[in-house]
Amino acid sequence: PSPRAIVEVGGEKPYAITIGPGLLDDGALLGAGLRGRHALLVSDGNVAPLYADRVTQALRAARPDVRIDGYFLPPGEASKTLAHFAEAIDALAATGATRDACVVALGGGVVGDLAGFVAACWMRGIDCVQIPTTLLAMVDSSVGGKTAVDLPQGKNLVGAFHPPRAVIADTEALLTLPPRELRAGLAEVVKYGAIRDAAFLDWLEDRADALLAGDDAALADAIARSCRHKAEIVERDPFERGERALLNFGHTFGHAIEAEQGFGGLNHGEAVAVGMVLAARLSARQGLAGEAEAERLAALLARFGLPVALPGGLDPAALLERMRLDKKAAADGLRFVLWDGIGAARVVAGVADEAVLAVLEK
Ligand code: NAD
Ligand code: ZN
């Protein structure tokens with residue numbers, strides 16, 4: 001068998017993340033999480049043609065007793081809606097699914113978030129096996145149990161905490177991922193180094209070329225190290241009452257950029273890359289860390305082909321207003337995840353508007 005890494009996530013309902021090549025054909029692994037005789041495979045219009053048959057066949061071979069139905073979304077964030085959620089629930093209902101049914105999420109974060117929410121709601125909660133196929137989903141959205149759909153008023157406004165039963169990340173699926181999506185995932189990988197692991201950031205600098213070239217071993221290592229960080233954080237703070245907020249490094253700026261561009265400009269990872277550089281520069285301006293560390297972070301992100309400066313045409317005052325509206329902003333002035341240097345992030349409240357504007361205008 002091919003080499004694989006396993007990361008355990010502890011907590012009230014522990015589960016394992018398995019990472020490696022060829023896992024989509026491993027029926028025993030894929031089927032181990034199925035307790036009952038029904039499974040609903042949720043995927044999207046890009047991923048299903050590539051991988052749904054393989055996964056279904058592997059599952060059928062290992063678990064001939066399980067009835068497998070499919071529900072496929074049109075690709076993209078625009079599908080993460082209550083309407084598609086309701087369709088998926090109808091698909092479950094039509095199969096006569098009971099409480100031991102399982103939702104299998106095959107796709108990126110859009111599929112994972114929606115399918116996870118379906119699993120959270122059907123009969124007040126059934127199992128969900130996450131099979132992430134984007135780098136972002138492998139290192140972030142499939143782990144930690146946050147599930148949601150969007151409303152016209154904002155992203156992720158309706159959702160639940162519902163940890164998966166298992167996460168299975170086949171690194172070979174990344175071979176078909178558009179390069180821009182791979183780079184977006186690398187932004188979140190860099191984030192783990194930036195907030196809590198300076199040695200990981202060194203490693204990413206060393207392995208940057210291999211990662212960009214899609215080197216399987218390098219990607220598997222990066223995913224496993226990232227998942228270990230996410231696992232440690234969500235184990236200690238499953239409901240985001242404290243430490244989990246550090247995962248929002250770069251995200252207050254990033255969300256504002258995405259929203260201000262009407263979600264048609266930079267993608268999430270790209271906006272977070274710019275946001276992390278701005279957070280590091282704001283940290284330097286507040287006297288917490290040096291400028292050189294901000295520039296080192298920017299250099300690594302740029303090597304990964306990610307943007308590191310605000311796109312043209314964005315108004316700093318409008319971005320500031322967006323950040324005030326962000327649900328992560330607090331009443332006591334703007335709250336940011338800043339750092340004391342590489343690997344040492346912390347939440348800082350009461351950041352003055354002038355400091356934020358100065359960084360946005362630089
Ligand atoms: P996505 O699911 O839209 O996937 C990106 C694109 O890649 C889509 O077009 C998809 O069809 C395609 N794709 C996926 N896998 C592929 C593959 N292997 N080969 C070819 N094409 C493939 O986007 P994403 O970046 O994976 O996830 C973004 C979503 O994740 C957002 O909705 C965000 O809110 C959510 N998210 C959730 C959490 C969480 O904790 N739950 C964390 C971060 C992000
Ligand atoms: Zn993110």
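How many disulfides does a search of the whole structure find? The search finds zero, a disulfide being a pair of cysteine sulfur atoms within 2.5 Å. The structure is a predicted model, in which local features need pLDDT of at least 70 and side-chain atom pairs count only at pLDDT 80 or more, while totals for chains, interfaces and linings use all residues. Residues are numbered from 1 along each chain as its sequence is written, chains are lettered from A and ligands numbered from 1 in the order in which they are written, and side-chain values use heavy atoms, with hydrogens and water left out.

Cys 102 takes part in no disulfide, and the nearest cysteine sulfur, that of Cys 128, is 6.6 Å away. Cys 102 has a relative accessibility of 1% and therefore counts as buried; buried means under 20% relative accessible area, exposed over 50%, and partly exposed in between, with a 1.4 Å probe and protein chains only. The sulfur of Cys 121 is too far from any other for a bond, because the closest cysteine sulfur, in Cys 128, is 12 Å away. Cys 121 is partly exposed, with a relative accessible area of 33%.

Helix α4 covers residues 109-121. Helices (H or I, at least four residues) and strands (E, at least two) are DSSP runs, numbered from the N terminus. The 13 residues of α4 reach 18 Å from the first C-alpha to the last, close to the 18 Å expected at 1.5 Å a residue; the expected span is 1.5 Å times one less than the number of residues. Helix α4 is mostly covered, as 12 of its 13 residues are buried. Among them are Gly 109, Asp 113, Leu 114 and Phe 117. After α4 comes Met 123, which has a positive phi, near 50°.

The metal site draws on other parts of the chain. The zinc ion (ligand 2) is coordinated by Glu 188 through OE, and by His 251 and His 268 through NE2, at 2.0 to 2.1 Å. Donors are N, O and S atoms within 2.8 Å of the metal (3.2 Å for Na, K and Ca), and water is not among the atoms, so sites may look incomplete. Along the chain, the donors of this zinc ion follow the spacing E-x62-H-x16-H. Of the two histidines, His 251 lies in helix α9 (residues 251-260) and His 268 in helix α10 (residues 268-285), 17 residues apart. His 251 is buried, with a relative accessible area of 6%.

In one of them, Glu 77 pairs with Lys 155, with the closest N and O atoms 4.0 Å apart. This pair links distant parts of the chain, for Glu 77 is in the loop between β4 (67-73) and α3 (82-94), whereas Lys 155 is in strand β8 (residues 154-161), 78 residues apart.

Another salt bridge joins Arg 322 to Glu 260, with the closest N and O atoms 2.6 Å apart. Arg 322 lies in helix α12 (residues 316-325) and Glu 260 in helix α9, so the pair ties together parts that are 62 residues apart in sequence. Arg 324 also forms a salt bridge, with Glu 321, at 3.2 Å between the closest N and O atoms. These two residues are separated by about one helical turn because they are three residues apart in helix α12. Finally, salt bridges that share partners join Glu 77, Lys 80, Asp 113, Asp 150 and Lys 155 into one network.

Conventions:
Salt bridge = Lys/Arg side-chain N within 4 Å of Asp/Glu carboxyl O.
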